[in-house]
Amino acid sequence: MFHRFIKLLIAAVLLFTSVWQFTEGNIGNGIFLVLLTAIPIFLYYKNEYILLAFLKLRKQDFAGAKVWLDKIKNPQTALVRKQQGYFNYLHGLMLSQTNLTQAEKYFKKAIELGLNMDMDLAVAKLNLAGVAMSRRRKLEATNLLNEAKKLDKQGMLKDQIKMMKEQMKKF
């Protein structure tokens, strides 16, 4: 994995080479290099290891997702801010199966760094509400559930939110 600025440097070199190819009269090479420039720019905004970890999570392969995330040695330098949010979000999802204390820390960090999609933010807040509920912090859990309900525009988490509200009534 390249540092995020090296990806931009590679894109700049490719773009410079494509301009040079255009001036030399090699139009086909120039067009190919301009198209090739899109790859490092795409990988600057969407980290390849995070994308592969998401693919593993879609198949419920938590161990495989952890392998891909562990390849990111220093997320602060290798990832842009939103990618760091998703890095923490994915760690929180994996740890929510085993260690709620660690998962809470990762979800809070992911919300702080920011997530692109409202659905991901809703899932993070729903998981935090579950952690708060397990620690008998009913007010915090209620606030987080209400925020998750507002963020869930498609209604995909409606059943989970409803179930958690029912469980909170028992406290």
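**Entry 1. Helix 1 and helix 2**

I began with the packing of helix 1 against helix 2 (residues 27-45) in this predicted model, where the two axes come within 8 Å and cross at roughly 170°. I took helices as DSSP runs of H or I with at least four residues, numbered from the N terminus. The axes are lines fitted to C-alpha atoms over the stretch in contact, and the angles run from 0 to 180 degrees between N-to-C directions. Helix 1 is therefore roughly antiparallel to helix 2, a term that applies to angles over 145 degrees.

I recorded the conventions next. Residues are numbered from 1 along each chain as its sequence is written, and side-chain values use heavy atoms, with hydrogens and water left out. Because the model is predicted, local features need pLDDT of at least 70 and side-chain atom pairs count only at pLDDT 80 or more, while totals for chains, interfaces and linings use all residues.

I then looked up which residues meet, with contact meaning heavy atoms within 4.5 Å. On the helix 1 side they include Phe5, Leu8, Ala11, Leu15, Ser18 and Phe22, and on the helix 2 side they include Ile27, Gly30, Val34, Thr37, Ile41 and Tyr44. The residues of this contact divide into 16 nonpolar, six polar and two charged. In this division Ala, Val, Leu, Ile, Met, Phe, Trp, Tyr, Cys and Pro count as nonpolar, Asp, Glu, Lys and Arg as charged, and the others, Gly among them, as polar.

I checked Ser18, which is placed in helix 1. Ser18 counts as buried at 1% relative accessibility; buried means under 20% relative accessible area, exposed over 50%, and partly exposed in between, with a 1.4 Å probe and protein chains only. Not counting residues up to four places away in sequence, Ser18 touches Gly30, Leu33 and Val34.

I checked Gln21, also in helix 1 (residues 4-24), and found a relative accessible area of 9%, so Gln21 is buried. Leaving aside neighbours within four places in sequence, Gln21 is in contact with Asn26, Asn29, Gly30 and Leu33.

**Entry 2. Helix 4 and helix 6**

The crossing is left-handed, which means that the near helix is turned anticlockwise from the far one by less than a right angle.

I listed Phe62, Ala65, Lys66, Leu69 and Asp70 from helix 4, which meet Phe87, Leu90, His91, Leu93 and Met94 from helix 6. The residues of this contact divide into seven nonpolar, one polar and two charged.

**Entry 3. Salt bridges**

I counted a salt bridge where a side-chain nitrogen of Lys or Arg is within 4 Å of a carboxyl oxygen of Asp or Glu. The count comes to 10 salt bridges.

I examined Arg135 and Glu104, whose side chains meet in a salt bridge at 2.5 Å, N to O. Arg135 lies in the loop between helix 8 and helix 9 and Glu104 in helix 7 (residues 100-113), so the pair ties together parts that are 31 residues apart in sequence. Arg135 is partly exposed at 33%, whereas Glu104 is buried at 7%. I also noted a network of salt bridges that links Glu104, Lys108, Arg135, Arg137 and Glu140.

I examined Lys125 and Glu147, which meet in a salt bridge at 2.4 Å, N to O. This pair links distant parts of the chain, with Lys125 in helix 8 and Glu147 in helix 9, 22 residues apart. Lys125 is buried at 13%, and Glu147 is partly exposed at 32%.

I examined Lys109 and Glu112, with the closest N and O atoms 3.9 Å apart in their salt bridge. Both residues lie in helix 7, three residues apart, about one turn of the helix. Lys109 is partly exposed at 35%, and Glu112 is exposed at 52%.

**Entry 4. Positive phi**

I noted that most residues other than glycine have a negative phi. Gln60 has a positive phi near 60°. Gln60 sits in the loop between helix 3 (48-58) and helix 4 and counts as exposed at 57% relative accessibility.

I found a positive phi of about 65° at Arg136, which is not a glycine. Arg136 is in the loop between helix 8 (118-134) and helix 9 (138-151), and at 59% relative accessibility Arg136 counts as exposed.

Terms used: Helix = DSSP H or I, 4+ residues; strand = E, 2+ residues; numbered from the N terminus. Parallel < 35°, antiparallel > 145°, perpendicular 65-115°, else oblique.
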